[in-house]
Amino acid sequence: MVAAMSVKKVDQFIFLWFLAIYAPAATFCANVTYDHRALIIDGNRRVLISGSIHYPRSTPEMWPDLIQRSKDGGVDVIETYVFWNLHEPIRGQYNFEGRGDLVKFVKEVAAAGLYVHLRIGPYVCAEWNYGGFPIWLHFIPGIKFRTDNEPFKAEMKRFTAKIVNMMKQESLYASQGGPIILSQIENEYGDVDWAYGPAAKPYIKWAASMATSLDTGVPWVMCMQADAPNPIVSLLWWSCTLQTCGRSCICCGKILSTWWNFYELLYGIIRQPKWGHLKDLHDSIKLCEEALIATDPAVTSLDPNIEVAVYKTDNVCAAFLANINTTIDVTVNFSSNSYRLPAWSVSILPDCKNVVFNTAKINSASTVSIFRTESLKQEVGSLENDSLGWSWISEPIGISKNDSFSKFGLLEQINTTADRSDYFWYSLSINLEDDDDSGSQTVLHIESLGHALYAFINGKLAGGGTGNNTNATVNVDIPVTLVTGKNTIDLLSLTVGLQNFGAFFDTWGAGITGPVTLKGLKNGSTIDLSSQQWTYQVGLLGEDLGLSSGNAGKWNSQSTLPKNQSLTWYKTNFVAPSGNDPVAIDFTGMGKGEAWVNGQSIGRYWPTYVSPNSGCTNSCDYRGYYYQSKCLRNCGKPSQTLYHVPRSWLKSDNNTLVLFEESGGDPTKISFATKQIGSVCSYISESHPPPLDLWNSDTESGRKAGPVLSLDCPYPNQVISSIKFASFGTPYGTCGNFNHGSCSSNSALYIVQKACIGSSSCNINVSVNTFGDPCKGVTKSLAVEASCM
């Protein structure tokens, strides 16, 4: 039985997580408590819907819009982790500026009239470097993370208290009239506590006691900690995404948490139909709130695949009808009425009579996004000779900095670099005296904990290797040509972020730990280089020089631009694309490296990292449980080519783009991409519920209305300019690729054009009364694709 379908009485709050994102009253509470079924705000139980925004993953200029979009999507509470390594990158030195301005972010949420759930952790996971722990924590003598360890507990308490006191000083807790109604301590420890043995329970007990001693005046929670000590609230993370649980993702808990696709919103366009579908879900649950908070459910199973949960008192009644069969639609009888339940779906009945929402029936419009590409427009005057507007600096191969050092044996990377840089040089010189060993194809064998490496022999790139998402280790055999006399072996090891999850993840290493051998010398002999004296360098010379800003260094623009050359810094000045559409840079043509715009890192690019060629399918049925290889797309294509550039980082002109290319690429192939909406579509059948906004608790009219197809232009001041497709009957396909089915009304296109063109939005009743009946006895649908201008 799907967890999201099972509505049992539990002495814990239930948080539902899926890819999406309600608005309380604008005034905030002074008293937050809870019982076994709900948060209680000023004496009233509440159904609250929560959505995550990670403040440092966007810019302060973007926060108000992201928060408002969340509110418009039906969110009551914005939750966020607090990122320790962002705020205390050096022990005792704090950063709460720019994207790290946590107080400002919380106040922005409050200004929108939403509550805040502050997930301090301080371990956050969050697909964030080192799980949010600062790397200096690793080097405290005697420390062991996330266990009954005094050095760790002292640092955890100090940082947690720091954040709590900041919030108190700004009167941001609900007990002070602020928006923060919950705080979290630790995170998902229940997934790994078994590995920490007998020390795990004392640690959790200590964390609970420490947090509650800080006296925030609001409840503390632990996520994924079934044995959380009182008075900590235990939150279950039911991993229930639109893919994980299919279309039947619904939970009748008292607190629901949703997580929308952050990266889609980062490009500035709401992802449809997901956003609209989940907004309808949130609104539907809100219609059931009075019943949900009043009583525990009565749950019955009509058969092994059908479950009914009813919340009923003398005054209110709400019901949830679930069909967990993944392939068969069924008709069920409930309360003297008949209901059709599509496979793998839940129907919501706020009055125990009328269906307001079914998870398999999408009423919201969908969109087709397009990326319009344009060449990188260099500044006038920056086009010099053959450089095509680019200048460059070659990064030295091997040791080039004064802070290099020598040690016998191979050093683990993270313990040596302390994550000050992705890059770590290992350098060694060997002498070959026998001509028979020179000029031959010897094999350099390298074993590394990952994540990638490059090998240079006598200043030339000989080869390399990378790990992958399931196994970061790198084991390579590289054919090399050596010369008589001195040979220099330079190995560049690099990380791609640090591990963020798993028991003892802080002890997982990186770098070349060996063995490193030369195989195939004279008479088939092998030399083990592992224990010899190596010279080491942390980071790149260009990093120390500050080349990423574009202002430092002696950039070369007087000769031919080097292309497909490893270890090269590139720079150009460019004009930002006009307009307000979200902007990305397309790194097609580059290999692997990092990019900066006006000194701000836009991340590590790696368009040459491609997905496997097999496993994809042209069609997919999302019903049923999700598994990793289900519904794969884009096989054999780069994992990512587009990298977002916040508009707030751009000037109208005189912008600087700096690249550090590791493996070799052609910067002249880089282009801009602006994201726009190509089409707006909707597909509604006669069996769909009526629009939610027609539901009126005082009358039956809205509940008895039929389905309506709605179209809205995505941007202000736009109108529907054309109807690309319209069919009433049995159309099929998806937005951008609709087709007429075996029957279709001849008047559908004209009726839709008349109703919609020239308006910013339109609504059309989906019925034979509107279009006539082209095929009697068949459930018909209306599919429309429109353009807005």
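How many disulfides does the count come to in this structure? The count comes to 7 disulfides, where a disulfide is a pair of cysteine sulfur atoms within 2.5 Å.

1. Basis of the note. This is a predicted model, in which local features need pLDDT of at least 70 and side-chain atom pairs count only at pLDDT 80 or more, while totals for chains, interfaces and linings use all residues. Residues are numbered from 1 along each chain as its sequence is written, and side-chain values use heavy atoms, with hydrogens and water left out.

2. Overall composition. The protein has 13 helices and 43 strands; helices (H or I, at least four residues) and strands (E, at least two) are DSSP runs, numbered from the N terminus. Of its 789 residues, 55% count as buried. Here buried means under 20% relative accessible area, exposed means over 50%, and partly exposed lies in between (1.4 Å probe, protein chains only). The accessible surface comes to about 32700 Å², and carbon and sulfur atoms account for 48% of that area. Accessible areas come from the Shrake-Rupley method with a 1.4 Å probe; for residues, only the protein chains shown count as cover.

3. Disulfide C616 to C635. The sulfur atoms of C616 and C635 are joined in a disulfide, S to S 2.0 Å. The torsion about this S-S bond of C616 and C635 is about 95°, so the disulfide is right-handed. Both C616 and C635 lie in the loop between β34 and β35 (642-645), so the pair ties together parts that are 19 residues apart in sequence. C616 counts as partly exposed, at 34% relative accessibility.

4. Disulfide C620 to C631. C620 and C631 also form a disulfide, with their sulfur atoms 1.4 Å apart. Each of these cysteines lies in the loop between β34 and β35, so the pair C620 and C631 ties together parts that are 11 residues apart in sequence. C620 is partly exposed at 34% relative accessibility, whereas C631 is buried with a relative accessible area of 13%.

5. Disulfide C681 to C735. The sulfur atoms of C681 and C735 are 2.0 Å apart in a disulfide. Because the torsion about the S-S bond of C681 and C735 is about 70°, this disulfide is right-handed. The pair links distant parts of the chain, 54 residues apart: C681 is in strand β37 (residues 671-685), and C735 is in the loop between β40 (732-734) and β41 (737-739). Both C681 and C735 are buried.

6. Cysteines C125 and C223. C125 is buried, with a relative accessible area of 7%, and C223 counts as buried at 3% relative accessibility.

7. Five-stranded sheet. An open sheet of 5 strands has the order β20-β31-β36-β33-β34, with antiparallel pairing; two strands pair if DSSP finds at least two bridges between them. Its edge strands, β20 (391-394) and β34 (600-605), each pair on one side only. Neighbouring strands of this sheet are turned by 15° against each other on average, direction ignored. Within the sheet, 7 bridges pair β31 (residues 568-574) with β36 (residues 655-661) in the antiparallel sense, and T572 stands opposite L657 in β36.

8. Four-stranded sheet. A further open sheet has 4 strands in the order β26-β23-β28-β29, and its pairing is antiparallel. The edge strands β26 (474-481) and β29 (526-528) each pair on one side only. On average, neighbouring strands of this sheet are turned by 20° against each other, direction ignored. Strand β23 (residues 441-448) and β26 run antiparallel and are joined by 8 bridges; T442 stands opposite V480 in β26.

9. Helix packing. Helix α3 (residues 102-111) packs against helix α4 (residues 150-169) at an angle of about 50°, with the axes 11 Å apart. Axes are lines fitted to C-alpha atoms, for helices over the stretch in contact, and angles run from 0 to 180 degrees between N-to-C directions. Helices α3 and α4 are therefore oblique to each other. The axes of α4 and helix α5 (residues 200-213) come within 11 Å and cross at roughly 25°, which makes α4 roughly parallel to α5. Angles under 35 degrees count as roughly parallel, over 145 as roughly antiparallel, 65 to 115 as roughly perpendicular and the rest as oblique.
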